[in-house]
Amino acid sequence: MAGSRQSVQLTDTEIEDFLGSQMKVQVATVGPDGAPHLTTLFYVLDEGRIVFWTYGSSQKVRNLRRDPRVTCLVEDGVDYFELRGVSITGRARLVEDYDEIKGIGSQVMTRMAGGADLGELGEDLVSKQAHKRVGIVIEPDKVASWDHRKLGALPGQGSVE
C-alpha cells in the first residue's frame, strides 16, 4: 500500500532533526566473503551527513577500503507505534588527514559527553587516538525513513482511540 508507506515517511527537516537527536548508528559494510559486517558507532552530523571515527585497523575499515558501499541505520522506539528510523545506503568516504580525524573525534567525543567541554585531558586523549583512527563520512545515495507515530492504527484496522 503506497499510501500507508508515504504516510509514515519523514520530511527532510524531520530526518535532519531525528538524526541530530540520536547518537548511535548501525553501520553495515561488505565483508571479505560477501556477508554483511554490522557494527554500532557513535556519530555526528556534518552538513547533513553521518560522520564518525573508528580504528584504522578495524574490520569495517578493511571492508571499506575494498568496497566503499555501506548501509547505515539510526532507529528509535520500543512499541510498534513508537518505531521510527532512517536507513541510508551509499558510499563511505575515508578521511585520513590527521587534523580532520582529530576534528571528527572531538565532535564525536563532545557529543558523547552531552556537549560538555572536553578540557585539556579530553583533547589530549582525542589527539592521541586520532593517530590510530580513520574518519568516515557517509555519502548517501538513497534514504528511507519511517515514523510509526504518524500511524493511527495497524494496517487494515480502524484508527486507535
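Guide: Before we start, a definition: buried means under 20% relative accessible area, exposed over 50%, and partly exposed in between, with a 1.4 Å probe and protein chains only. This is a predicted model, where local features need pLDDT of at least 70, side-chain atom pairs count only at pLDDT 80 or more, and totals for chains, interfaces and linings use all residues. Residues are numbered from 1 along each chain as its sequence is written, and side-chain values use heavy atoms, with hydrogens and water left out.

Visitor: Thanks! So why does Met23 count as partly exposed?

Guide: Because its relative accessibility is 30%.

Visitor: And where does Met23 sit?

Guide: Met23 is in the loop between helix 2 (12-21) and strand 1 (24-30). Helices (H or I, at least four residues) and strands (E, at least two) are DSSP runs, numbered from the N terminus.

Visitor: On to the sheet: in what order do the seven strands come?

Guide: The open sheet runs 2-1-5-6-7-4-3, with antiparallel pairing; two strands pair if DSSP finds at least two bridges between them.

Visitor: Which are the edge strands?

Guide: Strand 2 (36-42) and strand 3 (44-46), each pairing on one side only.

Visitor: How many bridges join strand 6 and strand 7?

Guide: Strand 6 (residues 84-95) and strand 7 (residues 133-147) pair over 12 bridges, in the antiparallel sense. Arg91 stands opposite Glu139 of strand 7.

Visitor: New topic: what is the phi of Glu47?

Guide: Positive, about 55°, although Glu47 is not a glycine. Most residues other than glycine have a negative phi.

Visitor: Is Glu47 buried or exposed?

Guide: Exposed, because its relative accessible area is 72%. Glu47 lies in the loop between strand 3 and strand 4.
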